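Please read the following report with the sequence and the model side by side. It moves from the whole chain to single residues.

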Amino acid sequence: MSGLFKKDFHSHFFQSPMTLQDNMVFPSRGSYTITLQLAVVMCCVTVCGGTPDPRQRETMMRQETSRQTGGRVQLTGAEQWLDAHLHKLKEQEMAAAQFPPAIHFFKARPLIHKSPIFSLLQRMPKGAALHIHSSSLVSVDWLVKNITYRPHCYICFTWGRSVRFVFSSRRPFPTWDCLYWQLLKTLRANMVDPTDFDYSLMQNLTLFTDDPDTTYPSQDAVWERFEMAFVAIAGLVTYAPVFKDFLYKGLEQLFDDNIMYLELRTGLSRTYELDGSIHDKAWSLRTYQEVTQQFVAEHPGFLGARLIISVHRYSTGFKYYL
């Protein structure tokens, strides 16, 4: 072995450990991390074939569904059929030319009444109605076609293009907003089209209009009309004989919709008799109790009602007070 080769051989293989370590190049920690991640990815690609396992996805969806309210309830065959039927009805309604949730409620209301979903839900048990105001307890159709046809009902038309009603044994005295009271029975008899007249009365007792965007350009405008409607209704439903029928009919209409319990908000407005005498609030409370007890006795499926005393809410400009 030549001297030069021997020197190089010894210097390379027989140097001290410290010198050998100093001359070696080790991979950095980042290189180890990248290499490990790459190995894991390659393993997943090899095992999974590069696509998620659909069985795992289905299992995850079943687990998520089971955690929902009622998710672990086992449906009977009839319930499964109803669920599928309701789902089919929803798809049909969503595919229709006019989808009710996508248009203004005033325009959607006729479509809703014709909807097979509405008909199905109407027959299903609802439990409780927890927020209904006493003045809006019954339908406007019943108010106009029943209450306004009763004897001794007077009407006047205000300067604000609204109406007022009152039951009286004689013609009521004029007031600042009602200068001329007419017996409604006589007025209706003189109408060319009593049906159209009744429809105009309904318009005064609701917010419905053919063009809501033009009729109600602001929140103040719709709130003012809202207030006027309830003022007009008050003269009808606070007449003592009507008040009792009104309460009973309201419970009946709720029961027909399979509602079994009611929480009613009321301000306990004073009621009056035909001679103009006024009942106090205690009379109204007793009437609520008596009518409800009578209705429960005649409809065992109805559980009862509770009154929540509330106050009138009104608007001034853009501020609302409760």
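Among contacts in the protein between residues at least 6 apart in sequence, 66% join residues at least 24 apart, where a contact means heavy atoms within 4.5 Å. This is a predicted model, in which local features need pLDDT of at least 70 and side-chain atom pairs count only at pLDDT 80 or more, while totals for chains, interfaces and linings use all residues. Residues are numbered from 1 along each chain as its sequence is written, and side-chain values use heavy atoms, with hydrogens and water left out.

The protein has 14 helices and eight strands; these are DSSP runs numbered from the N terminus, with helices being H or I of at least four residues and strands being E of at least two. Of the 322 residues, 27% count as buried, a term that means under 20% relative accessible area, whereas exposed means over 50% and partly exposed lies in between (1.4 Å probe, protein chains only). The protein exposes about 22800 Å², and carbon and sulfur atoms supply 59% of this area; accessible areas come from the Shrake-Rupley method with a 1.4 Å probe, and for residues only the protein chains shown count as cover.

Three strands form an open sheet in the order β3-β2-β4, with antiparallel pairing. Its edge strands are β3 (163–167) and β4 (182–183), each of which pairs on one side only; two strands pair if DSSP finds at least two bridges between them. Strand β2 (residues 153–157) is joined to β4 by two bridges, and Ile155 stands opposite Gln182 in β4.

In the loop between α8 (140–145) and β2 we find Thr148, which counts as buried at 2% relative accessibility. Leaving aside residues up to four places away in sequence, Thr148 touches Leu143, Cys153, Phe165, Leu184, Arg188 and Leu236.

The structure holds five salt bridges, a salt bridge being a side-chain nitrogen of Lys or Arg within 4 Å of a carboxyl oxygen of Asp or Glu.

Asp245 is partly exposed at 34% relative accessibility, and Arg150 is partly exposed at 23%.

An α-helix has 3.6 residues a turn, so residues three or four places apart point the same way. Lys249 is partly exposed at 23% relative accessibility, as is Glu252 at 26%.

Which residues have a positive phi although they are not glycines? Asn258 has a phi of about 65° and is found in the loop between α13 (240–256) and β5 (259–266), where Asn258 is partly exposed with a relative accessible area of 28%. Leu268 has a phi of about 55° and is found in the loop between β5 and α14 (281–298), but Leu268 is buried, with a relative accessible area of 8%.
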